[in-house]
Amino acid sequence: MNGFFDGFFDIPSDLQHSYQGLIGLHLREALLPVLAGLLLALPLAQLCVRFRWLYPPVLGATTILYAVPSLAFFVVLIDYTGQTELTVMIPLAVYSLVVLVPAIVDGVRSVPQETLAAATAMGFGPVRRYLQVQLPIAVPAIIAGLRVATVSSISLVSVGTLIGNQGALGNLLADAQKYDRPELAVNSVITTAVLAILCDALLVLLRVVLTPWMPNGTRRRPKPSTRQKLPAPQDVTR
């Protein structure tokens with residue numbers, strides 16, 4: 001058992017990274033695609049809100065792309081991007097759209113019409129109204145979508161090990177089988193799960209910071225007053 005834990009952080013040299021280096025690589029390959037997906041989803045969702053007929057085909061297209069296996073993406077991309085991080089990150093960015101676009105569309109559509117009318121009356125144009133009115137109100141829905149996309153991306157990075165040590169922590173799974181070291185597989189699974197939990201917790205904290213008006217369930221209700229009510233004055237008959 002001692003030998004098992006002694007080799008837990010003993011990373012094989014063929015991975016060309018330390019344990020901390022693999023964590024940094026994993027986060028980079030997981031979070032940059034989510035950020036790219038968010039930047040693409042924001043204008044795309046606004047178009048879907050403004051032109052309602054556009055939403056069904058966009059949602060259908062993102063769903064079809066999500067159904068394409070990552071290995072098939074790798075086969076198509078590898079001739080253009082080679083065995084690089086970019087080959088892993090492009091499919092992850094595409095996959096994030098199927099979560100982010102509906103989340104943003106639902107959040108923006110939830111803005112009351114009275115609020116939009118008030119912003120228009122104050123001289124807000126479409127772009128300014130979208131950035132300063134609709135998006136802030138849609139933050140809870142957007143963060144909810146980001147939580148799903150982020151956790152999914154962190155788990156899918158490991159597939160990159162199929163194209164030559166581009167799976168970050170997932171490379172430990174391949175080396176666990178190669179060197180008959182099961183502790184490496186345990187390390188990979190536990191570390192990936194911890195990263196997903198931490199990133200999810202940070203997004204929850206971000207939602208709390210950005211939406212102080214939302215109830216978080218931790219505020220105490222005011223205690224009822226202990227003062228005794230004065231008796232109501234009795235009617236005086238003359």
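Student: Does Val209 count as buried or exposed in this predicted model?
Tutor: Val209 lies in helix H10, which covers residues 182–210. The cut-off for an exposed residue is over 50% relative accessible area. Because the relative accessibility of Val209 is 56%, the residue counts as exposed.

Student: Which residues make the nonpolar surface patch of about 520 Å²?
Tutor: Val209, a residue of H10, is one of the members of this patch.

Student: How far apart in space are Ala36 and Ile90, C-alpha to C-alpha?
Tutor: Ala36 has its place in helix H2 and is partly exposed, with a relative accessible area of 38%. In sequence, Ala36 and Ile90 are 54 residues apart. In space, their C-alpha to C-alpha separation is 9.1 Å.

Student: What covers the buried residues of H7?
Tutor: Helix H7 comprises residues 126–137 and reaches 15 Å from its first C-alpha to its last, close to the 16 Å expected. Within H7, the residues Arg129, Tyr130, Val133, Gln134 and Leu135 are buried. Their cover includes H2, helix H5 (85–109), helix H6 (113–121) and helix H8 (139–156).

Note on methods:
Residues numbered from 1 in each chain as written. Predicted model: local features only at pLDDT ≥ 70, side-chain atom pairs only at ≥ 80, totals over all residues. Heavy atoms only, no water. Patch = residues over 30% accessible without salt bridge, like charges linked within 9 Å, V, L, I, M, F, W, Y side chains within 5 Å. Areas by Shrake-Rupley, 256 points an atom, 1.4 Å probe, with all protein chains shown as cover. Salt bridge = Lys/Arg side-chain N within 4 Å of Asp/Glu carboxyl O. Helix = DSSP H or I, 4+ residues; strand = E, 2+ residues; numbered from the N terminus. Buried < 20%, exposed > 50% of the residue type's maximum accessible area, 1.4 Å probe, protein only. Expected span 1.5 Å × (residues − 1). Contact = heavy atoms within 4.5 Å.
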